[in-house]
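Q: I would like to learn how to read a protein model. Can we start with burial, then go on to contacts and strands?

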Amino acid sequence: MDKDGFIFLATKDSIVFKEMEMHAHKPQKPLQSSLFHREALQFCNIPSSKMAPVLDIEKELVQHSERVKSVDLHPKEPWILASLYSGTLCIWNYHSQELVKSFKVAESPVRSAKFIPRKQWIVTGADDKFIRVFDYDTTEKIAEFEAHTDFIRSVAVHPTLPYLLSASDDMVIKLWDWEKGWECTQMFKGHAHYVMQVAFSPKDSNTFASASLDGTIKVWNLSCSDSEFTLDGHSKGVNCIDYFMRGSKPYLVSGSDDHTAKVWDCVAKSCVQTLEGHTNNVSAVCVHPELPIIITGSEDGNVHIWDEATYRLENTLNSGLERVWCFGCMKGSNRVVIGYDKGTVMVKFVSPHSGVYMGSLVKEKEKKEF
């Protein structure tokens, strides 16, 4: 283990990272193959018929803490927002490596926290059933109200309208309007177990999806309290979801206690791929908005990097910080933040030669930043 907590198998001149090559439908045996330089984690896929792309993963920040339940990135400031099981919020500056702010929100776990940059707010949902809103410059509390009758698992901010979605163990999703004094303007019922996460569609912001321990994903419209359709294919509860686009078509990726992630075509309303390889519950999923990769994290402690087009498992990363709970990424950046049992890690994906990955979608202006 290096000083930042990453686990490697060391040789004299380089560090060997344990990589598992796996086709999405058929697990293979682990292969000891990829070489990682000390200054950057260099990901290489095992060549088959032709040379595979190479990707450096550079550590930008490693902060040890209590269990991290959610992470978010500010779109303009170099800030990572982390909410902790202890009830504390932390904001880290990943450029200066300094703690910007840290303050207690609740005596119970804060399972979800998001920036609302257009208001200079942070919104949180906690196990004490309360939603709280803070000014992130002054930490002044803007609002506080009991939103559910059980733990709040997830909050999601509408991209343009003054709306917040919250999801709870009470099996209900609620829509809140902050311009109406945080009035609950709609309730969405239909799940038969805890609702673990909600996410807005990038194609139509009046549409959102929800993941539940009843084993299903439901897709809803803000104007109707009943779901539009249900995606059913996992054999156990669904912990996490993320939307992504292929051309004009919306897709979802989901992670489950059945140890798999699934990719769903939201137009055909069907599963198009199952991603296998984790050995414990899949607790976090993310489709990077700038890079053609799907990222899955598990209570087995591993982060898997999948090719979005082929669903091939390209790399496996283990930080040594125990279970993975959450990811954060955003448009305009090739960074990813990972929340673990024992802290937060930020990494940056970059080609050692061109600043791009897989022919990549990182824009020219992004390359100059690095």
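Predicted model: local features only at pLDDT ≥ 70, side-chain atom pairs only at ≥ 80, totals over all residues.

Q: Is Ser210 buried or exposed?

A: Ser210 counts as buried, because its relative accessibility is 0%. Cys286 is buried at 4%, while Cys329 is partly exposed at 22%.

Q: How many disulfides does the structure hold?

A: A disulfide is a pair of cysteine sulfur atoms within 2.5 Å. The structure holds zero.

Q: Which side chains make a polar contact with the side chain of Ser210?

A: A polar contact is a pair of N or O atoms within 3.5 Å; within protein, one must be able to donate a hydrogen and the other to accept it, and residues adjacent in sequence count only if both atoms are side-chain atoms. The Ser210 side chain has such a contact with the side chain of His191 at 2.7 Å. Another joins it to the side chain of Trp220 at 2.8 Å.

Q: Where in the strands is Ser210 found?

A: Strands (E, at least two residues) are DSSP runs, numbered from the N terminus. Ser210 is in strand S19, residues 207-212. Two strands pair if DSSP finds at least two bridges between them. S18 and S19 run antiparallel, joined by five bridges. One of the bridge partners is Ser210 in S19, facing Val198.

Q: What is the order of the strands in this open sheet?

A: The order is S18-S19-S20-S21, four strands with antiparallel pairing. S18 (195-200) and S21 (229-232) stand at the edges with a single partner strand each, so one side of each has no neighbour in the sheet.

Q: How many residues of strand S16 are buried?

A: Six of the six, residues 172-177, so S16 is largely enclosed by the rest of the structure. Val172, Lys174 and Trp176 point one way, and Ile173, Leu175 and Asp177 the other.

Q: Which strand forms a hairpin with S16, with five residues between them?

A: That is S17. S17 covers residues 183-189 and pairs with S16 in the antiparallel sense over six bridges. In the turn, Gly181 has a positive phi of about 65°.

Definitions and conventions:
Residues numbered from 1 in each chain as written. Heavy atoms only, no water. Buried < 20%, exposed > 50% of the residue type's maximum accessible area, 1.4 Å probe, protein only.
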